[in-house]
Number of protein chains: 2
Amino acid sequence: ETVLQGDIERGKEMSGVCGMCHGDNGISLIPIYPNLAGQKEQYLVLQLKAFRSGERVNMAMTSHAQKLTDQDIADLSAYYAQLDPKPE
Amino acid sequence: ETVLQGDIERGKEMSGVCGMCHGDNGISLIPIYPNLAGQKEQYLVLQLKAFRSGERVNMAMTSHAQKLTDQDIADLSAYYAQLDPKPE
């Protein structure tokens with residue numbers, strides 16, 4: 001499988017809907033949803049693909065992930081991975 | 001469902017095997033595995049229970065989670081949630 005280079009800026013542009021639950025800064029607003037800021041990029045890629053394929057099931061994430069291309073997933077993952085996990 | 005209070009010290013004592021992949025400080029040593037430090041406590045509880053029930057499937061996590069009681073899950077989640085997500 002080809003490893004796609006994530007585009008952080010494009011990921012940021014796409015992240016608006018993610019931020020409604022996971023926080024604009026990647027720190028979740030909802031205790032049952034995970035923080036994404038500073039998370040491992042490869043882990044984020046794998047989870048988004050698992051939601052898209054149905055391997056991992058979540059009512060909120062499945063429908064979002066099914067709209068994403070591999071490049072979208074790479075970009076979103078690159079964006080969240082480089083956010084500060086402990087913002088000021 | 002009763003919400004169990006997590007015991008951070010007990011969670012720390014139990015966390016040795018977790019740290020082999022997720023890092024002794026909760027920062028993962030392996031890019032495909034997530035950081036746990038500073039993650040939302042309720043999210044961690046839900047994921048450990050999902051691994052235990054088989055709702056979420058992962059070769060490594062399933063067997064670990066199946067050994068855990070609800071109190072174990074509460075304690076481990078309380079421990080990882082309070083770790084610094086950006087250690088010095």
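1. A residue counts as buried under 20% relative accessible area, as exposed over 50%, and as partly exposed in between. Take A:Lys86: its relative accessibility is 34%, so it counts as partly exposed. Keep in mind throughout that this is a predicted model.

2. Start with the two chains. Chain B can be laid on chain A with an RMSD of 0.0 Å. That takes a turn of 180 degrees and a shift of 0.0 Å along the axis. The two copies are therefore related as by a two-fold rotation axis.

3. Which surface do the copies use to meet? Of the interface residues of chain B, 95% are also interface residues in chain A, so both copies meet through the same surface.

4. One salt bridge crosses between the chains. B:Asp84 pairs with A:Lys86, and their closest N and O atoms are 2.9 Å apart. B:Asp84 sits in the segment after helix H5 (70–81) of chain B, and A:Lys86 in the segment after H5 of chain A. B:Asp84 is partly exposed, at 29% relative accessible area. A:Lys86 is partly exposed too, at 34%.

5. Over all chains, the count is eight salt bridges. Another of them joins A:Asp72 and A:Arg10, at 2.7 Å from N to O. A:Asp72 lies in helix H5 (residues 70–81) and A:Arg10 in helix H1 (residues 8–14) of chain A, so the pair ties together parts 62 residues apart in sequence. Buried or partly exposed? A:Asp72 is buried at 8% relative accessibility, while A:Arg10 is partly exposed at 31%.

6. Now look at chain B. B:Arg10 and B:Asp75 form a salt bridge of 2.5 Å, N to O. This pair links helix H1 (residues 8–14) with helix H5 of chain B, 65 residues apart. B:Arg10 is partly exposed, at 32%. B:Asp75 is buried, with a relative accessible area of 0%. In chain A, salt bridges with shared partners join A:Arg10, A:Asp72 and A:Asp75 into one network.

7. On cysteines: the structure holds zero disulfides over all chains. A:Cys18 has its nearest cysteine sulfur, that of A:Cys21, 9.4 Å away. A:Cys18 is buried, at 19% relative accessible area.

8. Last, the rings. There are two aromatic pairs over all chains. One of them is B:Tyr79 with B:Tyr80, an edge-to-face pair. Their centres are 5.0 Å apart, with 65 degrees between the planes. B:Tyr79 is buried, at 5% relative accessibility. B:Tyr80 is buried as well, at 3%.

How values were computed. Residues are numbered from 1 along each chain as its sequence is written. Chains are lettered from A and ligands numbered from 1 in the order in which they are written. This is a predicted model: local features need pLDDT of at least 70, side-chain atom pairs count only at pLDDT 80 or more; totals for chains, interfaces and linings use all residues. Side-chain values use heavy atoms; hydrogens and water are left out. Copies are superposed by least squares on the C-alpha atoms of residues with pLDDT of at least 70 in both. Contact means heavy atoms within 4.5 Å. A disulfide is a pair of cysteine sulfur atoms within 2.5 Å. Buried means under 20% relative accessible area, exposed over 50%, partly exposed in between (1.4 Å probe, protein chains only). Rings of Phe, Tyr and Trp (its six-membered ring) pair if their centres lie within 6.5 Å; planes under 30 degrees apart count as stacked, over 60 as edge-to-face and the rest as tilted. A salt bridge is a side-chain nitrogen of Lys or Arg within 4 Å of a carboxyl oxygen of Asp or Glu. Helices (H or I, at least four residues) and strands (E, at least two) are DSSP runs, numbered from the N terminus.
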